[in-house]
Amino acid sequence: MIVSDEDLMLECRKGDMSAFELLVRRYQDALVNYIYYTINDYHRAEDLAQETFLRVYKSASRYEPRASFKSWLYTIATNLSRNEIRNRARRKTYYLEDMVDENEDVYHSEFMVDTRFQPDILYEKKERQQIIRKTLKQLPENQRLALTLVTYQELSYEEISEILNCSVGAVKSLIHRARQNMRKLLIKAGIGESVNAQI
Amino acid sequence: MPKSKMNNCHNYQAQLSAYFDNELPTWKRHIIRWHLKRCPNCSDKHAAIQQTDKLLNYLEPVKTSDLFLSNVMSRVKTMHTYENAQRSVLNRIGSAVENMKSWIRGNIRAYNPVYMAGFVFGVVMMVGVTLYSPQIEKLNPFNQSNAEASETHEEKLISFEFIPKQTPKRFLKIR
């Protein structure tokens with residue numbers, strides 16, 4: 001039997017650390033990925049994901065299962081990501097990922113895989129991923145957040161509206177515009193021409 | 001393409017993302033599906049959305065480092081112990097206040113008129129002293145500022161002019 005997130009959180013409120021550990025296990029990968037796609041810096045994404053879980057633990061005593069735990073968790077992560085993006089813009093900080101094109105896979109375990117027999121395929125794949133990541137980064141903040149939440153986290157429009165604090169209609173148009181812009185940028189970057197239609 | 005059809009298509013196209021994400025009610029999905037079968041323009045746009053999504057899914061999810069969970073749990077434990085320590089300090093203060101209250105209740109009998117009178121006198125004195133503090137410096141005769149003040153007072157007295165009575169030089173003649 002799978003225990004729901006809300007029940008685990010209620011257990012956590014009583015001081016059960018194992019319930020909290022289970023929650024972290026459940027969401028750690030998804031959360032790090034979400035923040036990583038949003039801010040495009042792996043190490044900072046891990047830090048912010050840790051910070052998100054700490055905030056969850058801190059406010060566990062006040063937790064009331066009114067909304068879904070997932071929405072609440074992603075709301076905290078979104079706020080932290082937004083702050084990070086603004087701080088970076090204010091400080092004009094440049095990260096290694098932004099400056100060097102190929103080195104991003106240093107952090108991935110895949111880097112260690114023996115690719116001697118298929119270097120061209122792997123290279124092409126990596127290059128394409130790099131372009132997509134850069135393109136995603138060019139989207140406006142809200143569009144990027146909405147598109148990341150719907151594509152990679154597979155959240156519903158209603159959950160996204162709770163996270164971004166806007167109406168479902170606004171989310172609908174945000175995602176539509178994000179896909180339009182993404183399409184244009186991908187064509188400009190040289191991939192995604194096989195279907196000529198503009199969204 | 002006729003203008004009315006374009007408008008119609010525009011309405012459908014605005015819904016295509018939601019259609020793709022399966023966020024529309026069933027009846028709307030049926031209508032859009034039916035329209036997509038007939039309209040090549042909208043069908044192309046739908047295909048473009050599908051392709052964009054496919055490209056976006058090219059990104060492989062990153063793996064969290066092995067230390068992530070242990071880091072989170074250790075930070076949580078540290079926070080937990082810190083909070084407990086803080087709570088114990090607050091508890092200690094709370095118990096001290098409770099002890100003081102019980103001591104006051106046990107040792108001071110508030111209903112005793114002598115205690116009451118003493119308490120009221122003390123309060124009145126404190127309020128009086130605070131509001132009307134006595135000017136001790138003015139009462140001190142050896143205070144320099146007081147002596148200076150008295151000298152200036154004398155000088156003022158001496159500086160009064162004495163006008164002697166003078167006889168008039170001419171008298172009025174009365175006929």
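From the N terminus on, the elements of chain B follow the order α-α-α-α-α-α-α. In other words, the secondary structure of this chain comes to 7 helices and 0 strands. The mean pLDDT of chain B is 80, with 77% of its residues at 70 or more. Within chain B, helix α2 (residues 26–38) has the highest confidence, at a mean of 92, while helix α7 (residues 144–158) has the lowest, at 58. Where pLDDT is low, the predicted coordinates should not be read in detail.

Two further values describe how chain B is arranged. Of its 175 residues, 20% count as buried. Among the contacts in chain B with a separation of 6 or more, 40% are between residues 24 or more positions apart.

Attention now turns to the place where the two chains meet. Chain A brings 50 residues to the contact, and chain B brings 39 residues. Between them, about 4,200 Å² of area is buried, and carbon and sulfur atoms give 63% of this. On the side of chain A, the residues that lose the most area to chain B are Gln50(A), Leu54(A) and Arg179(A), which together make up 15% of what that side buries.

How many salt bridges are there between chain A and chain B? The count is 3. One of the residues named above takes part in a salt bridge: the side chain of Arg179(A) meets that of Asp21(B), with 2.9 Å from N to O.

Which elements of chain A give two or more residues to the side that touches chain B? They are α2 (17–39), α3 (42–58), α6 (119–138), α7 (141–151) and α9 (168–189) of chain A. The largest share, 11 residues, comes from α2(A). By class, this side of chain A has 24 nonpolar, 12 polar and 14 charged residues.

Val3(A) lies in the segment before α1 (5–13) of chain A. Ala19(A) is 16 residues from Val3(A) in sequence, and the two are 9.7 Å apart in space, C-alpha to C-alpha.

Note on methods
Residues numbered from 1 in each chain as written. Chains lettered and ligands numbered in written order. Heavy atoms only, no water. Contact = heavy atoms within 4.5 Å. Buried area = accessible area lost by both parts, 1.4 Å probe. Salt bridge = Lys/Arg side-chain N within 4 Å of Asp/Glu carboxyl O. Helix = DSSP H or I, 4+ residues; strand = E, 2+ residues; numbered from the N terminus. Nonpolar A, V, L, I, M, F, W, Y, C, P; charged D, E, K, R; others polar. pLDDT = per-residue confidence, 0-100. Buried < 20%, exposed > 50% of the residue type's maximum accessible area, 1.4 Å probe, protein only.
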